[in-house]
Amino acid sequence: MIKQHPLKGSNRLKLGVFSANADGGLAITDVPERWQAGWDDNLSAAQIADRAGLEFFLPIARWKGFGGKNRVREHSFETFTWAAGLAAATERIGLFMTVHVPLVHPLYAAKALATVDHISHGRAGLNIVCGWNPKEFGMFGTPLVEKGYDQATEWIDIVERLYASDEPIDFDGEYYHLKEAVSRPASLQAPRPVTMNAAFGGPGRDFAAAHCDYLFTTFSEIAEAGKHVADIAGRAQKIGRTVGCYTVAHVVCRETDAEAEAYYTRYAVTMADHAAVDQHMAGKKEFSQSHDAHAYDRYRQRFAGGAGSYPLVGSPEKIAEEMIAISAQGYEGIALSFVNYTQELPFFSDRVLPLLRQAGLRE
């Protein structure tokens, strides 16, 4: 039985879990309760989110960590096999795979993606990224591609053509050369599973406008967040498409604002893994366009707390209020990270989700 993908459901504000496949999640901290990202941890977190009615589980693709005391994010699960395991153990939640285009051949990706879509009965999703970290690419003996999104265009075209054709296909492009290629079964979703692209720069956003269902982006302040929604909407409209916009936030939800702020200071300032924060920020600033330029100077705590994403820190009421404001800026969904997903997701779900339902954002 093919299920409707959760991202196409009726909730006005979709919610998901981000980066649980990686050590620390998004937090770069040395607190003893920091996320260890074992398989049983991931399974428990996915099932908690599934039972709570969250729409998606989204991993990061990481091959090399950022050093520091804990060798941050060196431990992470590969996303195709991770999603396949979770797909068999969940019922409703969407399972995304994040793939570095230059490191994964589209013929392999088409087969693996379709496999997860069948296991999940149509709940697979694909986050297409081109990569930014030259040290990771060096592990594969592969340089960063200068025009990565030109390669991504060929890549996704091949995946869609493989699914659409009953006969073997040939492809002769700049980056890929295929002869009599087949990939069966095709995905249950047509023309392919739900796609998302995390892009901040112009070429990436043009790619998302042309080939993806959703753009996944960051912002520094809620009041300015709508400019990214308008940007991708304008790019998509020019070519007759509609592309939704999602963002990411790190969450500290406690009974009171004071309690939440105190914990945020503890894990993201006092006990931050400062060597890893420095390495992460330096690499992002030099090679990635994933944040507003001033974010690196103004928001060090946010990089320790959640990879530079927006902080949702406070009581359930305060967090719900800010999520409502993000929705009002035009965002269709938010991917959430926590210091410890299994410990913190239940409280968030029990206390914040009812407030979002009262506000009319969720059913």
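Start by selecting Trp35, Phe338, Tyr341 and Phe348: together they make one aromatic cluster. You're looking at a predicted model, where local features need pLDDT of at least 70, side-chain atom pairs count only at pLDDT 80 or more, and totals for chains, interfaces and linings use all residues. Residues are numbered from 1 along each chain as its sequence is written, and side-chain values use heavy atoms, with hydrogens and water left out.

Stay with Phe338 and Tyr341 for a moment. Their ring centres are 6.0 Å apart and the planes sit at 75°, so this pair is edge-to-face. (Rings of Phe, Tyr and Trp, the last by its six-membered ring, pair if their centres lie within 6.5 Å; planes under 30 degrees apart are stacked, over 60 edge-to-face, and the rest tilted.) Buried or exposed, Phe338? Phe338 counts as buried because its relative accessibility is 3%, and Tyr341 is buried too, at 0%. (Buried means under 20% relative accessible area, exposed over 50%, partly exposed in between, with a 1.4 Å probe and protein chains only.)

The structure holds 16 aromatic pairs. For another of them, pick Tyr214 and Tyr246: this one is edge-to-face, 5.1 Å centre to centre with 70° between the planes. It links distant parts of the chain, with Tyr214 in strand E8 (residues 214–217) and Tyr246 in strand E9 (residues 244–253), 32 residues apart. (Strands, E, at least two residues, and helices, H or I, at least four, are DSSP runs numbered from the N terminus.) Tyr214 is buried at 7% relative accessibility, and Tyr246 is buried at 0%.

Next, look for charges over rings. Show Arg205 and Phe200: the charged end of Arg205 sits over the Phe200 ring, 5.1 Å from its centre. Then try Arg254, which lies over the face of Tyr263 at 4.6 Å from the ring centre. (The test is NZ of Lys or CZ of Arg within 6 Å of the ring centre and within 35 degrees of the ring normal.)

Now colour helix H1 (residues 39–52) and helix H2 (residues 79–87). Their axes come within 10 Å and cross at roughly 55°. (Axes are lines fitted to C-alpha atoms, for helices over the stretch in contact; angles run from 0 to 180 degrees between N-to-C directions.) Which residues meet here? Trp39, Asn42, Leu43 and Ala46 from H1 meet Trp82, Gly85 and Leu86 from H2, contact being heavy atoms within 4.5 Å.

Last stop: Arg300, in helix H11 (residues 300–306). Arg300 is partly exposed, at 32% relative accessible area.
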